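Keep the sequence and the model at hand while reading.

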Amino acid sequence: MNRHGRSRTTAYATGAVVLLAAATGCAGGGDSGAASAALVAPSSATAPAGAASPQGAASAPPSAPPAPAAGDAAAWAKWHLTPLPPAPPAPADKPVKLQRTGPVPVFSEVRTTDKVVFLTIDDGAEKDPAFVEMLTDLKVPVSMFLTRDIVKDDYGYFKRLQALGNHVHNHTVDHAQLSRVAPEKQKSEVCDAQAALTQQYGTPPLLFRPPYGDGANTPALNSAVQQCGPKAIVLWRESMQIHDMQYQAADKKLRPGDIVLAHFRGPKDLKGETMTQMFGELLARIQEQGFAVARLEDYIAAPPA
Ligand SMILES: [Zn+2]
């Protein structure tokens, strides 16, 4: 069972977010089987996702063909995917403007009319080299919310994703359910992760996400985040399971500016599916609805120095 799977009974501060509780479990509904697996399996030139490599845990990049150019249909075809529309240029006037001090905002979508969504990937348990290859090929931006004790055995894996332009954010020390612990512990969960991630990734995480979204709207957590450095608390509108997303919107449709939650998960948590298969399914669901994927940080203005 994965960490988020235990969260289904979590109480949330707002009614709208209650729906999230059921949306973060590990057991994705829907079909499984060979057809959907084949949809996103890399083609024959590529090692199967998750296959053991002779290099073992070495951090050298996987031996893969050179990545095709951005937007290259061949890159998408390699992963048996239809290309997404290109994202529009980053807005000059950022819809989210963060402040240096004071209470941090809590948001689960970005106000924009661009037909884009933002992908966030949490925790860090699965460290599949094939996923680095996939993002290298497809150049789809993601934002990573990392939990220190889940990534500390291989910080380097996420540096490879960071090197592609993806940002690292704070998702606590050990994935505590924050509303159930004392304010001092909430603070150490945020601050100690902030210190470790800053040291490892060279820049202080700008954003924070509480595990399960729990406590996001409480003064205690807001105060902890303010003291530790992140400038916003980021939730989500959709949660990727194995083959499909769970939506908060009743019509089960993406909307411009939605933030989508996914996880670094592998076959143990995905009923045998790999990280790249899950992510391919996520991209297919987005493509079907005609959305592009934009970089969340391109829509956020960091506080003035
Ligand atoms: Zn998490």
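This is a predicted model: local features need pLDDT of at least 70, side-chain atom pairs count only at pLDDT 80 or more; totals for chains, interfaces and linings use all residues.

Contact here means heavy atoms within 4.5 Å. Setting aside neighbours within four places in sequence, F264 touches I121, D122, G124, A125, E126, F131, M144, L146, Y157, F158, L161 and M275. F264 is also listed, with L119, F131, F279 and I286, among the residues that have the most contacts inside the largest nonpolar core, a set of 43 residues. The element that gives the most to this core is helix α9 (residues 275-288), which supplies six residues. A second core is separate and has 30 residues, including F145, I259, A292 and A294.

Buried is used here for a relative accessible area under 20%. In a regular strand the side chains alternate between the two faces of the sheet. In β10, I259, L261 and H263 point one way, V260 and A262 point the other way, and all are buried.

Which strands pair with β10? Strand β3 (residues 116-123) runs parallel to β10 and is joined to it by five bridges. Within the β10 pairing, D122 stands opposite H263. Strand β8 (residues 238-240) also pairs with β10 in the parallel sense, over two bridges. There, S239 has L261 of β10 as its bridge partner.

Helix α6 covers residues 155-162, and its buried residues are Y155, Y157, F158, R160 and L161. An α-helix has 3.6 residues a turn, so residues three or four places apart point the same way. The buried residues of α6 pack against α4 (129-138), β4 (143-146), α5 (148-151) and α7 (183-201).

Helix α7 also takes part in a covalent link. The structure holds one disulfide, formed by C191 and C228 with their sulfur atoms 2.0 Å apart. C191 lies in α7 and C228 in helix α8 (residues 219-228), so the pair ties together parts that are 37 residues apart in sequence. The link of C191 and C228 is left-handed, with -90 degrees about the S-S bond. C228 counts as buried because its relative accessibility is 11%.

Definitions and conventions
Residues are numbered from 1 along each chain as its sequence is written. Side-chain values use heavy atoms; hydrogens and water are left out. Buried means under 20% relative accessible area, exposed over 50%, partly exposed in between (1.4 Å probe, protein chains only). Helices (H or I, at least four residues) and strands (E, at least two) are DSSP runs, numbered from the N terminus. Two strands pair if DSSP finds at least two bridges between them. A nonpolar core is a set of buried Ala, Val, Leu, Ile, Met, Phe, Trp, Tyr and Cys residues joined through side-chain atoms within 4.5 Å. A disulfide is a pair of cysteine sulfur atoms within 2.5 Å.
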